[in-house]
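Here is a friendly briefing to read alongside the model. Please keep the sequence and the 3D view open as you go.

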Amino acid sequence: MTEKKVHQGRNIKRFREMLGIKQEALAYELGEDWNQKKISMLEQKELIENDILNQVAKILKVPVQAIENFDEDSAINIIANTFHDSAVANTFRDGSQVNFNCTFNPLDKMVELYERMLEQQKEMIEKLEKIINKE
């Protein structure tokens, strides 16, 4: 099996978009040297320098490892192969059974993520309003 390369720039874009953050807002958070065009170029890079990766992860409030390792196809495959209804049981040739019970409610996790994303979006809006009011 060939090892699939993870595109870190594309992952930054995915997380940024999931959080509802515009390229301009990310550029602002990264500092004066950054602008929308530079963020666009960053998102096209397969590998990103560690210091920039750390800064972006901190701004997006996601672990660096998420940006470094996230592979959409693998994530979908893992979810599809590990999530089972608690009523489902696998029976093996020897007659033993294994019940798959999810230790958390996936819907609760989605709500938790959505609430966190809304909070981050609210923080970004407040920051942008401060910028606008200064001008």
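The notes below go from the overall layout to individual side chains.

This is a predicted model, in which local features need pLDDT of at least 70 and side-chain atom pairs count only at pLDDT 80 or more, while totals for chains, interfaces and linings use all residues. Residues are numbered from 1 along each chain as its sequence is written, and side-chain values use heavy atoms, with hydrogens and water left out.

**Overall layout**

- The protein has 7 helices and 2 strands; these are DSSP runs numbered from the N terminus, with helices being H or I of at least four residues and strands E of at least two.
- Reading from the N terminus, the order of elements is α-α-α-α-α-α-β-β-α.
- Of the 135 residues, 24% count as buried (buried means under 20% relative accessible area, exposed over 50%, and partly exposed in between, with a 1.4 Å probe and protein chains only).
- Among contacts with a separation of 6 or more, 59% join residues 24 or more positions apart; a contact means heavy atoms within 4.5 Å.
- The protein exposes about 10,300 Å², and carbon and sulfur atoms supply 53% of that area (accessible areas come from the Shrake-Rupley method with a 1.4 Å probe, and for residues only the protein chains shown count as cover).

**Salt bridges**

- A search of the whole structure turns up 5 salt bridges, each defined as a side-chain nitrogen of Lys or Arg within 4 Å of a carboxyl oxygen of Asp or Glu.
- As background, side chains of opposite charge can pair when their charged atoms come close.
- Glu 49 and Lys 45 pair through their side chains at 2.8 Å, N to O. Glu 49 is partly exposed at 38% relative accessibility, and Lys 45 is also partly exposed, at 31%.
- Salt bridges with shared partners link Arg 16, Glu 17 and Glu 43 into one network.
- Within that trio, Arg 16 and Glu 17 form a salt bridge at 4.0 Å, N to O. Arg 16 is buried, with 6% relative accessibility, whereas Glu 17 is partly exposed at 46%.

**Glu 43 in its loop**

- Glu 43 sits in the loop between helix H3 (36–42) and helix H4 (50–60).
- At 7% relative accessibility, Glu 43 counts as buried.
- Setting aside neighbours within four places in sequence, Glu 43 contacts His 7, Gly 9, Arg 10, Ile 12, Lys 13, Arg 16 and Gln 23.

**Helix H2 and its link to H7**

- A salt bridge joins Glu 29 to Lys 127, with the closest N and O atoms 3.4 Å apart. Because Glu 29 belongs to helix H2 (residues 23–30) and Lys 127 to helix H7 (residues 106–134), the pair ties together parts that are 98 residues apart in sequence.
- In space, the C-alpha atoms of Glu 29 and Lys 127 are 9.5 Å apart.
- Glu 29 is partly exposed at 25% relative accessibility, and Lys 127 is partly exposed at 37%.
- Not counting residues up to four places away in sequence, Glu 29 touches Ile 59, Met 124 and Lys 127.
- The buried residues of H2 are Gln 23, Ala 25, Leu 26, Ala 27 and Leu 30.
- Gly 31 follows H2 and has a positive phi, near 120°.

- Lys 61 is not a glycine, yet its phi is positive, at about 60°.
- Lys 61 is placed in the loop between H4 and helix H5 (64–69).
- With a relative accessible area of 41%, Lys 61 is partly exposed.

**Rings and the nonpolar surface**

- The charged end of Lys 38 lies over the ring of Trp 34, 4.4 Å from the ring centre; such a case requires NZ of Lys or CZ of Arg within 6 Å of the ring centre and within 35 degrees of the ring normal.
- Leu 107, Met 110, Val 111 and Leu 113 make a nonpolar surface patch of about 370 Å². Patches are made of residues with over 30% relative accessible area and no salt bridge, with like charges joined within 9 Å and nonpolar side chains (Val, Leu, Ile, Met, Phe, Trp, Tyr) within 5 Å.
- Val 111, one of the patch residues, is found in helix H7 and is partly exposed, with a relative accessible area of 39%.
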